[in-house]
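Dear colleague,

Please find below the structure that I am handing over to you, together with its sequence.

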Amino acid sequence: MKNTAGIIIIFLLLGFVHTSFAQGVDSLFQQARSCAFNGEREKAREILNRILVTSPGYSDVRILLGRTYSWDGKRNEARAEFNKVFAYDSTNAEAWSALADVELWDDKPEASLSAAENGLRFKPGNKELTVKRIKALIDMKRCGEVDQEIRKLRQTDSTCAECEALKRSAFNACADKTFSVGSNIDFFSKIYDPAIYNYIQIGYRAPKNTVIFRINQSSRFNKTGFQPELDLYPSIGKKMYGYINYGFTIYDLFPRHRLGLELYRSLPKSFEASLGLRYLSFTSSEVFIYTGSLTKYIGNFALIGRVYITPDTRSFSRSGSINVRRYFSDADTYIGLIFSAGLSPDNRALLTTSGLGTGDDRNLYFFKSQRAGLTLSKTFHVKHVILFNLDYTNQEFEFTRKEYVDIYGVSLTYRLRFK
């Protein structure tokens with residue numbers, strides 16, 4: 001009897017120790033979760049690794065550890081943790097879901113799709129994995145499959161909270177055509193009548209290139225002119241793309257030939273830089289303008305700086321701008337402020353001094369000028385974009401240098417996006 005009582009006491013003590021240990025581990029795990037979701041990820045990882053020393057098979061702990069790595073951009077470390085989970089539990093849906101996130105964030109949609117589908121093999125119908133699968137298909141622009149999968153998801157979940165966002169993302173990824181019309185009018189404080197610039201354009205986005213064809217129309221100085229123009233944005237690898245522009249006209253209100261070349265490169269820490277050239281050929285002159293830009297993305301903000309350098313026989317002209325944008329629900333919904341000094345060759349509303357009697361259109365780019373502008377852009381019902389712009393320019397007067405004319409500009413653009 002004494003032996004039996006002793007054995008019972010030992011089992012009770014072991015059970016108590018096990019329960020206390022489990023409670024201690026769970027308490028530490030909750031502490032780690034709190035740290036992880038409050039931005040203290042280094043502290044969270046320290047706690048999680050302490051737990052794994054004594055409980056290496058605690059899947060939830062290892063998955064959270066992997067997620068903290070993925071949130072900090074440490075994709076390989078995250079993959080390693082999820083693979084350790086699969087080594088002893090290949091059916092873990094949460095681990096497959098976490099891996100699908102990592103691959104998508106690492107710009108590997110094919111691997112993300114594979115992870116989601118592996119998870120669905122073990123957990124058919126799992127909503128979280130189904131949503132991850134659709135996100136990967138969207139990123140791969142497999143548009144027909146995306147529409148079908150969203151319809152299936154709605155059939156199984158009529159209150160699907162994610163479906164509307166998925167539908168918007170799918171349209172943004174798959175709407176490869178655009179049609180735009182825009183108009184700009186400038187009012188001058190003296191001498192000049194209002195100047196009007198209009199354009200109409202169509203665009204097509206292919207997997208490796210975006211093509212835009214535009215027709216410009218300008219009415220100023222009692223003249224009217226037209227200019228067709230072509231823009232190309234070829235993709236050059238994952239981190240680089242180009243800009244090629246060409247326009248031609250027989251009308252004096254535009255350069256006879258205009259050419260733009262620029263190369264853009266993504267840089268670490270959310271920077272993007274570019275270097276390029278603009279060439280404008282007028283009736284009696286031509287001008288080469290060198291340009292470069294630097295963009296920094298900070299959360300929902302973009303800070304864009306650009307400079308233009310125009311060489312002359314004896315000196316050179318400098319102009320530049322700073323553009324600040326605050327984005328909201330998508331890339332076409334934002335508010336922007338721009339401040340610039342000097343004239344930009346990319347401003348289609350002011351392209352040539354024709355009609356002022358200078359005899360040399362390149363003089364325009366040596367005028368002193370300061371500008372401030374406000375831009376409002378908004379997407380409506382996914383397909384429609386309205387862009388409104390107000391700006392004020394204080395520009396050196398052509399007839400008497402060192403005197404200035406005030407220019408008040410307003411423009412409105414409508415863009416339709418469709419598949």
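**Strands and hairpins**

Tyr308 stands opposite Ser319 in β10. This pair belongs to the antiparallel pairing of β9 with strand β10 (residues 316-327), which extends over 11 bridges. Two strands are said to pair if DSSP finds at least two bridges between them. Helices (H or I, at least four residues) and strands (E, at least two) are DSSP runs, numbered from the N terminus.

On its other pairing, strand β9 (residues 301-311) is joined to strand β8 (residues 286-298) in the antiparallel sense over 9 bridges. Ile298 has Phe301 in β9 as its bridge partner. The two strands β8 and β9 form a hairpin with 2 residues between them, and Gly299 in the turn has a positive phi of about 60°.

Strand β12 (residues 369-380) and strand β13 (residues 384-396) run antiparallel and are joined by 12 bridges; here Ser369 stands opposite Gln395 in β13. Their hairpin has 3 residues between the strands, and His381 takes a positive phi near 50°. β13 is also joined by 13 bridges to strand β14 (residues 404-418), again in an antiparallel arrangement. In that pairing, Asn389 stands opposite Ser411 in β14.

**Basis of the model and its confidence**

The model is predicted: local features need pLDDT of at least 70 and side-chain atom pairs count only at pLDDT 80 or more, whereas totals for chains, interfaces and linings use all residues. Residues are numbered from 1 along each chain as its sequence is written, and side-chain values use heavy atoms, with hydrogens and water left out.

The pLDDT is the predictor's confidence in each residue, from 0 to 100. Its mean over the protein is 86, and 88% of the residues reach 70 or more. Among the elements, strand β5 (residues 240-248) has the highest mean pLDDT (96) and helix α1 (residues 2-37) the lowest (59). Over residues 8-23 the pLDDT is below 50, and this stretch has 2 contacts in the model beyond near neighbours in sequence. Over residues 355-359 the pLDDT is likewise below 50, with 9 contacts beyond near neighbours in sequence. Contact means heavy atoms within 4.5 Å. Where pLDDT is low, the predicted coordinates should not be read in detail.

**Overall composition**

The protein has 9 helices and 14 strands. Of its 419 residues, 41% count as buried. Buried means under 20% relative accessible area, exposed over 50%, and partly exposed in between (1.4 Å probe, protein chains only). Of the contacts with a separation of 6 or more, 46% are between residues 24 or more positions apart.

**Disulfides**

The structure holds 2 disulfides, a disulfide being a pair of cysteine sulfur atoms within 2.5 Å. One joins Cys143 to Cys174, with an S to S distance of 2.0 Å. This link is left-handed, with -100° about the S-S bond. It connects distant parts of the chain: Cys143 lies in helix α8 (residues 143-156) and Cys174 in helix α9 (residues 163-174), 31 residues apart. Cys143 counts as partly exposed because its relative accessibility is 22%, whereas Cys174 counts as buried because its value is 8%.

The other disulfide is formed by Cys160 and Cys163, whose sulfur atoms are 2.2 Å apart. With 95° about the S-S bond, this link is right-handed. Cys160 and Cys163 are both buried. With the bonded cysteines numbered in sequence order, the pairing is 1-4, 2-3.

Helix α3 (residues 59-71) has 13 residues and reaches 18 Å from its first C-alpha to its last, close to the 18 Å expected at 1.5 Å a residue. The expected span is 1.5 Å times one less than the number of residues. The helix is mostly covered, with 11 of its 13 residues buried; among them are Arg62, Arg67 and Tyr69. α3 is followed by Gly73, whose phi is positive, near 80°.

Thr130 lies in helix α7 (residues 127-139). It counts as buried because its relative accessibility is 14%. A polar atom of the Thr130 side chain lies 2.8 Å from the backbone oxygen of Asn126. Leaving aside neighbours within four places in sequence, Thr130 is in contact with Leu120, Gly125 and Leu153.

Yours sincerely

Key. A polar contact is a pair of N or O atoms within 3.5 Å; within protein, one must be able to donate a hydrogen and the other to accept it, and residues adjacent in sequence count only if both atoms are side-chain atoms.
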